[in-house]
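Let's take a friendly walk through this model, going from helix packing to domains and then to a few local backbone features. Have the structure open beside you.

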Amino acid sequence: MLKLTDDEKRMLQGEDGFVPQICMQYLVEVCEVAGAEKLIDLDGTGDFHTPMTSMSPFYAFPIEELKKIVDAGAHFKIPTFANKSPFYMLPPVQGWEKCNVCASGNKNCQHNDPEFHKEAMCEEWIELYRRMGMMTTHSCANYMTSTYLPTMGQHCSWNESSAVPYCNANLGARTNIDGSFATCFLGKAAYYDMHITENRYATVLVKTERTIKTDIEWDVFGFAVGEDVGVHVPVLTGTGKPTTTQIMKLNSAMNTGGAVRMYHIPGSTPEAPTLEFALNGKKPKRVTMIGEAELKRAYETLNYHTSDEVDLVYLGCPHLTIVDLMLIARKLEGKKCKIPLWIMTAPWLYDVAKNIGYLKIYEDAGAHLMTGTCPAAMGAVPAGVRNLAVDSAKQSYYITGRYPDDDNRLQVCYGSQDDCVDAALTGRWHGEWR
Ligand code: F3S
């Protein structure tokens, strides 16, 4: 039975105005669906997909209502960041001029058309959100580029599936996948699942046969773990300790193969000083092995191609860190790409990459730096692209899902960053599971 405070009841009755009322109605419904007994006051950070005022069309409201509250001085209650570029058409924030893509669903719109880009960026909405305090970071990896992160135990409301395990498992802060205008504006979220300590302990013990070392191994391993554990919290043993890039890959892949919002690696993640601690002193409900056979099967699932001739290479899912931008620059310096190579990062890193000189190296090599989106999010690749090379389980999974018709299905070569750069330089796929 949901219990609301007097303030929350007042908002629900509309005494604080239309927008707080509709936000509260939405949160009450989330509580009812999730079985939450109360709302929790958030003390961490939030992010949501702009320009949506709600995750549900039933609780959306028009821009005129937003203008009214902004003119009256309304702000987000918690530090709020923008997930990817505006959901309307998810355009690249920078680099759109050379992005020869037809926006999904509308063959007349091109992402490289200035008029279309202006419309797709939803500037009017974004400006209002800025006035409310939103940091318009427009990235799925805000946690890697923003200068403000929640701390251990803080309650947050994040929206990006690849980022949510970072909040829970790597920072020890607490969030469900529920970032929305309502949660960030009111600073409240339904109190269930990852907000509650008991739900954060591991119930599935995952073992491996090989130490997980390389970036591609962590990505494949994450996808296989996700497929195996589904919604349950795993504790990963025998893996080795991931680097920052590997954590990003693991997180995005686990929340693609399954719905892993939280996991533990004893001695590495903050809520798992030991295996016993991760399991809360209990026996696991299940023990599973992600061995050689499971890894190979996951790798093969993520590869869907009948030809080794590649048309486009995409790197940057999740959006790349400055270290990966450096590594790619090092691999491209003094070379020429045979086919288009898209390199995607967060908007806040574009100028950094430019100032350090990576942008020039990419351009000299014929590669293209963009920010804020990705092919899977845009739901489109340039006309004529039939075979895309990627180094991300999440990108492979979602981009092929965008082409469900088997006759026209986009083919994907999935492998390491090295395999992808090699494909960009040679036009052919030489990757294999090693
Ligand atoms: Fe980001 Fe797109 Fe991957 S938005 S996590 S790059 S699917």
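Helices α9 and α12 are roughly perpendicular to each other, because their angle falls in the class of 65 to 115 degrees. (Under 35 degrees counts as roughly parallel, over 145 as roughly antiparallel, and the rest as oblique.) Before going further, please keep in mind that this is a predicted model, in which local features need pLDDT of at least 70 and side-chain atom pairs count only at pLDDT 80 or more, while totals for chains, interfaces and linings use all residues. Residues are numbered from 1 along each chain as its sequence is written, and side-chain values use heavy atoms, with hydrogens and water left out.

**Helix packing**

Two packed helices are described by the angle between their axes and the distance between the axes. Here axes are lines fitted to C-alpha atoms, for helices over the stretch in contact, and angles run from 0 to 180 degrees between N-to-C directions. Helices (H or I, at least four residues) and strands (E, at least two) are DSSP runs, numbered from the N terminus.

| Pair | Angle | Distance between axes |
|---|---|---|
| α9 and α12 (residues 292–302) | about 100° | 9 Å |
| α9 (residues 215–229) and α10 (residues 244–257) | about 25° | 7 Å |

On the α9 side, the contact with α12 (heavy atoms within 4.5 Å) is made by Val220, Phe221, Phe223, Ala224 and Glu227. From α12 come Glu294, Leu295, Arg297, Ala298, Tyr299, Thr301 and Leu302. By class, this contact has 8 nonpolar, 1 polar and 3 charged residues; Ala, Val, Leu, Ile, Met, Phe, Trp, Tyr, Cys and Pro count as nonpolar, Asp, Glu, Lys and Arg as charged, and the others, Gly among them, as polar.

The α9 and α10 pair is, in turn, roughly parallel. Its contact includes Trp218, Phe221 and Phe223 of α9, with Leu250, Ala253 and Met254 among the residues of α10. The contact of α9 with α10 has 7 nonpolar, 7 polar and 4 charged residues.

**Domains**

How is the protein divided? The domain assignment, which is automatic or from a database, gives domain 1 (6–85 + 122–197), domain 2 (201–300) and domain 3 (303–426). Taken over C-alpha atoms, the centres of domain 1 and domain 3 are separated by 31 Å. Their contact takes 16 residues from domain 1 and 11 residues from domain 3.

Between domain 1 and domain 3, about 990 Å² is buried, and carbon and sulfur atoms give 68% of that area. Buried area is the accessible area (1.4 Å probe) that two parts lose on being put together, summed over both. In domain 1, the residues that lose the most area to domain 3 are Thr137, Cys140 and Thr145, together 36% of what that side buries.

**Local features**

Trp125 is found in helix α5 (residues 123–131). Leaving aside neighbours within four places in sequence, Trp125 touches Pro51, Thr53, Phe61, Pro62, Ile63 and Leu66. Pro51 itself lies in the loop between β2 (46–49) and α3 (63–71), and the peptide bond from Thr50 to Pro51 is cis, with omega near -5°.

Another cis peptide bond runs from Cys317 to Pro318, with omega near -15°; Pro318 lies in strand β8 (residues 312–320). Finally, Leu90 sits in the loop between β3 (80–83) and α4 (114–120), and the phi of Leu90 is near 45°, a positive value in a residue other than glycine.
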